[in-house]
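Dear colleague,

Please find below the sequence and structure that I am handing over to you. A short account of the findings follows.

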Amino acid sequence: MADQSEVPANPPEPANLRFLRRLVTTLTATMILGLIAIFTVLVIRLQTISTMFPEITALPAGTEVLSVSRTPRELVIIDLSRRIYVLSLDGTTLLQEFELK
C-alpha cells in the first residue's frame, strides 16, 4: 500500500476523460440552444396566427355561447339553452337554427 506522500495531490487528467468532459459540455450547450430556438419559434408562430373565427354578429341578442365549431363552409354554434345555430363562414348570416329536445 502506498503512503499518502507518494500519491500526487492533483493527478493529470487522462485524455479520454478530458475528451468526454468536453463532449458532454458541448452537447449540453447544443441542447440548451436548441430548446431556446424551439421556444422562440413557437412564440413567434403562436403570436402570428390569425383568428380562425370571425366576429359573430348574426346571433340573437342574449345568446350565451357554449361552443363554436368551424366546418369548411359554415360556423356551428351551440348555446346554453340547447339551440344550435348554423352561420355563414363570415359570421354575419344565420343559415339554420335547431332546438334540441
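In what follows, a residue is called buried under 20% relative accessible area, exposed over 50% and partly exposed in between, with a 1.4 Å probe and protein chains only. The model is predicted, so local features need pLDDT of at least 70 and side-chain atom pairs count only at pLDDT 80 or more, while totals for chains, interfaces and linings use all residues. Numbering starts from 1 along each chain as its sequence is written, and side-chain values use heavy atoms, with hydrogens and water left out.

Strands are DSSP runs of E of at least two residues, numbered from the N terminus. Of the 6 residues of β3, 5 are buried, so that strand is mostly covered by the definition above. Strands pair if DSSP finds at least two bridges between them. β3 runs antiparallel to β2, with 5 bridges, and Ile84 in β3 is the bridge partner of Ile78. Their hairpin has 3 residues between the strands, and Arg82 takes a positive phi near 65° there.

β3 is also joined by 5 bridges to β4 (residues 94–99), again antiparallel; Gln96 in β4 is the bridge partner of Val86. In this second hairpin, with 5 residues between the strands, Gly91 has a positive phi near 80°.

With kind regards

How values were computed: Helices (H or I, at least four residues) and strands (E, at least two) are DSSP runs, numbered from the N terminus.
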